[in-house]
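I opened the model to look up a few local features. My notes follow in the order I took them.

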Amino acid sequence: MFALSRSTVSLASRAALRRSFVVSQQAADKHTLVLVRHGESTWNLENKFTGWYDCPLSPKGHEEVKEAGQLLKKEGIKPDIAHTSLLQRAIRTLWHVLEQSELMWIPVQKAWQLNERHYGALQGLDKQETVDKFGKDQVLVWRRSYDVPPPTVDRSSPHHPDNDPRYAGFEFADEFTESLATTLDRVVPYWNESIVPQIKDGKTVMIAAHGNSLRALVKHLDGIDESTISELNIPTGTPLIYELDDNLKPIPQEGAIAPLQGRYLGDQDAIRARIEGVKNQTK
Amino acid sequence: MKFAISLLKIAALATTVSAFTSQNSFLGRAVRPAVSTPARSSSNSELCMKYTLVLVRHGESTWNNENKFTGWYDCPLSEKGEGEAREGGRLLKEQGFTFDKAYTSTLKRAIKTLWLCLEELDLMYIPIINNWRLNERHYGGLQGLNKQETVDKHGKDQVLIWRRSYDIPPPPCEESSVHYPGNDPMYRLVANEDLPFTESLKMTEERFLVEWSAILAPEILHGEKLLIAAHGNTLRALVKHLDDISADEICELNIPTGVPLVYELDENLKPIPHPDAIAPLKGRYLGNQAAIKERIGAVAAQTK
């Protein structure tokens, strides 16, 4: 038998070092939060209204988000826990980021409350065809209005969440659709109940989610008004870093692009150009 | 124009306001989580509960490829290993398996295996729980050494004892070594006394079964369909327990990588023997049975 030598003094000091690592995070007066919007999906590529439809990342989308993970690693940011939606394009994005930053083992919580905004009866329709059919202005209202949702779907539609087993634990309205306002109404409570306690506990949190669920969150964090948030574009696959004080208020970051107080990682000029680019999907 | 847009807004609002008011909320209301009802087997004279549990050993890793003792070293899957994992997932999908939750270790070769399976299954959205207790057996001072070189150095018989003995662990690693988990932030929340310097199969079994009794078994009994992606020795520990295999026999048992191993368990979590089972297991492997039998033989050849 081999004697398992344990020097209790050095073990105790190692344990103390490891625990002080945890304690020092709790005592810090700033908390790091990482947001990533999922990479380009196959339906983005086909220019379709996606919403809760569960399409995968496109090949470009996979590559975009691997780069996001590398940027995070280079920056030395190490999330302790991650949250994402129930949609594979966000989950896969998170998995790529975790793999590239050597953090595949951290706990991940998946929640429908971080899903993209549901597009109601527009889900599955081509964006340009919808413009041709309903007119540019109507579609602009559905896409960019803060509180006017697209037409609803009922339970006969495959797009109604009651027809998807992943939502089996939840009940949704018979006639279902969402606006950015109603998306915020389910994102912010999840933030408050599930994420805020972890941040206050000293954890660095990463959220991999969608254009509208992240809009809802940054509107809440940065106090952005309704018309500004409806126009805000968050580029895909680009880590957005917030430092929050003890009251969970953002500490304005150097290099932040207004109205956000967080900063993006990566080539700043390219990022600014991409922020402009999303506007052109319906002319 | 602005007036027209306002009219459109009002019209859109009007068509949906009745929907708004007829329901309390768009917000998903949480109801009691739906848990899959276990199948009732009518093959016996009495109806009995039947639970399905699927195990997958991670695919080939880069260190398996280099024939090194891996243990808790966190090497990735090789390309072949990724292919094995996808194939495992594809087989499960083809045969209509679904799962509510997945468990795996903190080591990326098992995690990636699980991810690839879930992707093939279209089940990426299920909860995944990572726990160190599902990690591979820790190989102590042998971690990082080449298997053949170790045989050349210590002799075939000594290495065989370290590899295949039930309760003799390899020499411990040094406390200052990168292989001591106390030096890895991944394990900073694990109690000191649980962190191994080395492990035998028996020690691996003991710390794995803590997770089985406390978490996995109760969840199965509650009706959760579990997929467990883990390692050669933790899966040995599990099947030894499920199939009541002797210490001698378990040390010789090879579980092929990336091949789903399906158990049907009764209400006491005892396996219901499957006709396709390869002794001493009562569960069955999915896939080409002849190829699987051949692979079960291949792992033994890694140290001659």
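**Entry 1: proline in chain A.** I went to P259(A) and found it in the loop between strand 6 (240-244) and strand 7 (263-264) of chain A. I then checked the peptide bond that joins A258(A) and P259(A): it is cis, with omega about 5°. I keep in mind that this is a predicted model. I flagged the bond because most peptide bonds are trans.

**Entry 2: proline in chain B.** I looked up a cis bond in chain B as well. A279(B) and P280(B) are joined by a cis peptide bond, and omega is about 5°. Where does P280(B) lie? I placed P280(B) in the loop between strand 7 and strand 8 (284-285) of chain B.

**Entry 3: positive phi in chain B.** I stayed with that loop of chain B. L269(B) lies in the loop between strand 7 and strand 8 of chain B. I read its phi as near 60°, a positive value in a residue other than glycine. I noted this because most residues other than glycine have a negative phi. Is L269(B) buried or exposed? I found a relative accessible area of 9%, so L269(B) is buried. The cut-off I used for buried is under 20%.

**Entry 4: positive phi in chain A.** I turned to N47(A), in the loop between helix 2 (42-45) and helix 3 of chain A. Phi of N47(A) is near 55°, which is positive, and the residue is not glycine. I looked up the relative accessible area of N47(A) and got 19%. Buried means under 20%. N47(A) therefore counts as buried.

**Entry 5: helix 3 and helix 4 of chain A.** I followed chain A on into helix 3 (residues 59-75) and compared its axis with that of helix 4 (residues 88-100). The axes of these helices of chain A come within 7 Å and cross at roughly 40°. I therefore recorded helix 3 of chain A and helix 4 of chain A as oblique to each other. Their crossing is right-handed. Which residues make the contact? From helix 3 of chain A I listed H62(A), V65(A), K66(A), A68(A), G69(A), Q70(A), L72(A) and K73(A). From helix 4 of chain A I listed R92(A), T93(A), H96(A), V97(A) and Q100(A). I sorted the residues of this contact between helix 3 and helix 4 of chain A by class: 4 nonpolar, 6 polar and 3 charged.

**Entry 6: helix 7 and helix 8 of chain A.** The axes of helix 7 (residues 180-200) and helix 8 (residues 211-222) of chain A come within 8 Å and cross at roughly 70°. Helix 7 of chain A is therefore roughly perpendicular to helix 8 of chain A. I noted this crossing of helix 7 and helix 8 of chain A as right-handed. On helix 7 of chain A, the residues that meet helix 8 are L180(A), T183(A), L184(A), R186(A), V187(A), V188(A), W191(A) and N192(A). By class, I recorded 8 nonpolar, 5 polar and 3 charged residues in the contact of helix 7 with helix 8 of chain A.

**Entry 7: a valine in chain B.** I went back to chain B for V259(B). V259(B) sits in the loop between helix 9 (247-252) and strand 7 (261-265) of chain B. I noted V259(B) as buried, with a relative accessible area of 7%. What does V259(B) touch? Leaving out residues up to four places away in sequence, I found L55(B), V56(B), Y285(B), L286(B), I292(B) and R295(B).

**Entry 8: whole chains.** I ended with the totals.

- I counted 10 helices and 7 strands in chain A.
- I counted 10 helices and 8 strands in chain B.
- Chain A has 283 residues, and 57% of them count as buried.
- Chain B has 304 residues, with 54% buried.
- In chain A, 74% of the contacts with a separation of 6 or more are between residues 24 or more positions apart.
- In chain B, 75% of the contacts between residues at least 6 apart in sequence join residues at least 24 apart.
- The accessible surface of chain A is about 11700 Å², and 51% of it belongs to carbon and sulfur atoms.
- Chain B exposes about 13600 Å², of which carbon and sulfur atoms supply 53%.

Key
Residues are numbered from 1 along each chain as its sequence is written. Chains are lettered from A and ligands numbered from 1 in the order in which they are written. This is a predicted model: local features need pLDDT of at least 70, side-chain atom pairs count only at pLDDT 80 or more; totals for chains, interfaces and linings use all residues. Side-chain values use heavy atoms; hydrogens and water are left out. Helices (H or I, at least four residues) and strands (E, at least two) are DSSP runs, numbered from the N terminus. Buried means under 20% relative accessible area, exposed over 50%, partly exposed in between (1.4 Å probe, protein chains only). Contact means heavy atoms within 4.5 Å. Accessible areas come from the Shrake-Rupley method with a 1.4 Å probe; for residues, only the protein chains shown count as cover. Axes are lines fitted to C-alpha atoms, for helices over the stretch in contact, and angles run from 0 to 180 degrees between N-to-C directions. Angles under 35 degrees count as roughly parallel, over 145 as roughly antiparallel, 65 to 115 as roughly perpendicular and the rest as oblique. A crossing is left-handed if the near helix is turned anticlockwise from the far one by less than a right angle, and right-handed if clockwise. Ala, Val, Leu, Ile, Met, Phe, Trp, Tyr, Cys and Pro count as nonpolar, Asp, Glu, Lys and Arg as charged, and the others, Gly among them, as polar.
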